[in-house]
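The following note sets out numbered points for a colleague who is reviewing this model. Each point may be checked against the coordinates.

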Amino acid sequence: MTDLTNGAIVSIHNGKTEDLTAILQKCEGKIGLVISDGQAMMPGFFGPKVNVEDLGVTEKCVIEVKSCLSKMVGSKVSAQDFLAIVLSNEETKKIGNPKKVSDVLSKTSSGQFTTPSPHVKKTTSRVDDKKSSKGVQRNLYCQPIATLNPYGSDGWTIKAKVTMKGKMNSWMKNGRSGRLFNVHLLDAHGGEIRATFYNEAADTFFPKLEKGKIYTFSKGRLKLAKRMYSTLNNTYEVIFNEHSVIAEAQEDEHEKIGEVKHKYKPIAEISD
């Protein structure tokens with residue numbers, strides 16, 4: 001029987017998901033499902049770009065969750081947008097005797113139950129926040145682009161390759177004027193997002209960002225994308241200002257950032 005990461009569900013429920021890599025079991029459902037660590041269980045949802053059939057998810061399978069967010073859905077907390085790989089499809093029974101996480105927490109607060117600390121391990125998708133002699137960052141937790149949205153925490157960091165860098169342009173609106181440029185960002189999970197830099201941020205980051213290089217990005221503001229300006233498959237875009245933090249980063253050997261995959265359609269399928 002597979003050993004699960006005891007205590008991981010309580011940690012996820014409490015929002016302690018940074019640097020957490022957990023071995024869990026799928027209990028029921030398909031896209032919306034219940035995940036268990038053998039002691040506690042809670043609802044969970046795969047990220048929007050995860051193809052569950054390709055992943056090989058089956059009933060009672062054991063998965064390794066590599067990244068997730070803790071969000072409120074109605075009155076309940078759920079683990080959302082998690083990225084995972086299937087470790088085993090051989091289990092036929094529920095592992096342990098998991099209870100609803102709310103019941104586990106109530107027993108913990110009354111002193112009737114103690115939850116071991118989850119096993120936390122560093123993975124190669126986290127890079128050190130100290131810089132090397134080349135100025136490249138290491139050991140910083142990076143969130144998948146596909147999980148970004150304006151309604152979550154603004155303390156995110158992403159690691160992405162610049163796949164397109166536009167020219168510096170001038171803008172003028174309502175008697176005001178300034179400068180801006182755009183970039184397209186791609187991460188190791190295939191997520192893409194358009195980023196815009198205005199004025200002081202444009203002056204600061206335009207000479208530093210190079211097409212084809214990889215950087216970590218944080219302290220940006222997410223907003224709904226203007227579809228007339230963006231062709232990327234993302235509902236949102238990000239605005240970086242002069243207070244944003246951007247640093248060159250190394251590519252992870254096990255999570256290579258590929259190239260943009262264009263999807264073409266026959267002209268006959270494109271409506272006017």
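1. R179 is partly exposed in this predicted model, its relative accessible area being 31%. Its partner in a salt bridge is D203, and the closest N and O atoms are 2.9 Å apart. D203 also counts as partly exposed, at 42% relative accessibility. Because R179 belongs to strand 11 and D203 to helix 4, the pair ties together parts that are 24 residues apart in sequence.

2. The count of salt bridges comes to 3. Another of them joins R194 to E237, with the closest N and O atoms 3.6 Å apart. Are these two residues buried or exposed? Both R194 and E237 are buried.

3. The chain averages a pLDDT of 75, and 66% of the residues score at least 70. Where is confidence lowest, and where is it highest? The lowest mean, 40, belongs to strand 7 (residues 126-131), whereas helix 4 (residues 199-205) has the highest, at 96. Over residues 109-135 the pLDDT is below 50, although this stretch has 66 contacts in the model beyond near neighbours in sequence. Where pLDDT is low, the predicted coordinates should not be read in detail.

4. Aromatic pairs number 8 in the count. One of them, between W171 and Y198, is edge-to-face, with 6.4 Å from centre to centre and 90 degrees between the planes. W171 is placed in strand 10 (residues 169-173) and Y198 in strand 12 (residues 192-198), so the pair ties together parts that are 27 residues apart in sequence. Y198 is partly exposed, its relative accessible area being 34%.

5. The pair formed by F181 and F197 is stacked: the centres lie 4.7 Å apart and the planes make an angle of 5 degrees. Since F181 lies in strand 11 (residues 176-186) and F197 in strand 12, the pair ties together parts that are 16 residues apart in sequence. F181 is buried at a relative accessible area of 0%, and F197 is buried with a relative accessible area of 0%. Ring pairs link F181 and F197 into a cluster with W156, F205, F206, Y215, F217 and F240. The ring of F206 has K165 over its face, at 4.0 Å from the ring centre.

6. Which residues touch the most other members of the largest nonpolar core? Of its 22 residues, they are V183, L185, F197, L209 and F217. At least two residues of this core come from each of strand 9 (157-165), strand 11, strand 12, helix 4, strand 13 and strand 14 (236-248). Beyond its neighbours within four places in sequence, F217 is in contact with W156, T157, I158, A160, V162, L185, L209, F240, V245 and I246. A second, separate core has 16 residues, among them L33, A40, V57 and V104. In soluble globular proteins, nonpolar side chains tend to be buried together.

7. S218 has its place in strand 13 (residues 214-224). With a relative accessible area of 12%, S218 is buried, because buried means under 20%. Leaving aside its neighbours within four places in sequence, S218 contacts W156, T157, F240, S244 and V245.

8. N174 has a positive phi of about 50 degrees although it is not a glycine. This residue, N174, is in the loop between strand 10 and strand 11, and at 71% relative accessibility N174 counts as exposed. N199 likewise has a positive phi, about 45 degrees, and is not a glycine; N199 lies in helix 4.

Conventions
Residues numbered from 1 in each chain as written. Predicted model: local features only at pLDDT ≥ 70, side-chain atom pairs only at ≥ 80, totals over all residues. Heavy atoms only, no water. pLDDT = per-residue confidence, 0-100. Helix = DSSP H or I, 4+ residues; strand = E, 2+ residues; numbered from the N terminus. Contact = heavy atoms within 4.5 Å. Phe/Tyr/Trp six-rings, centres within 6.5 Å; stacked < 30°, edge-to-face > 60°. Buried < 20%, exposed > 50% of the residue type's maximum accessible area, 1.4 Å probe, protein only. Lys NZ or Arg CZ within 6 Å of the ring centre and 35° of its normal. Core = buried A, V, L, I, M, F, W, Y, C linked by side-chain atoms within 4.5 Å. Salt bridge = Lys/Arg side-chain N within 4 Å of Asp/Glu carboxyl O.
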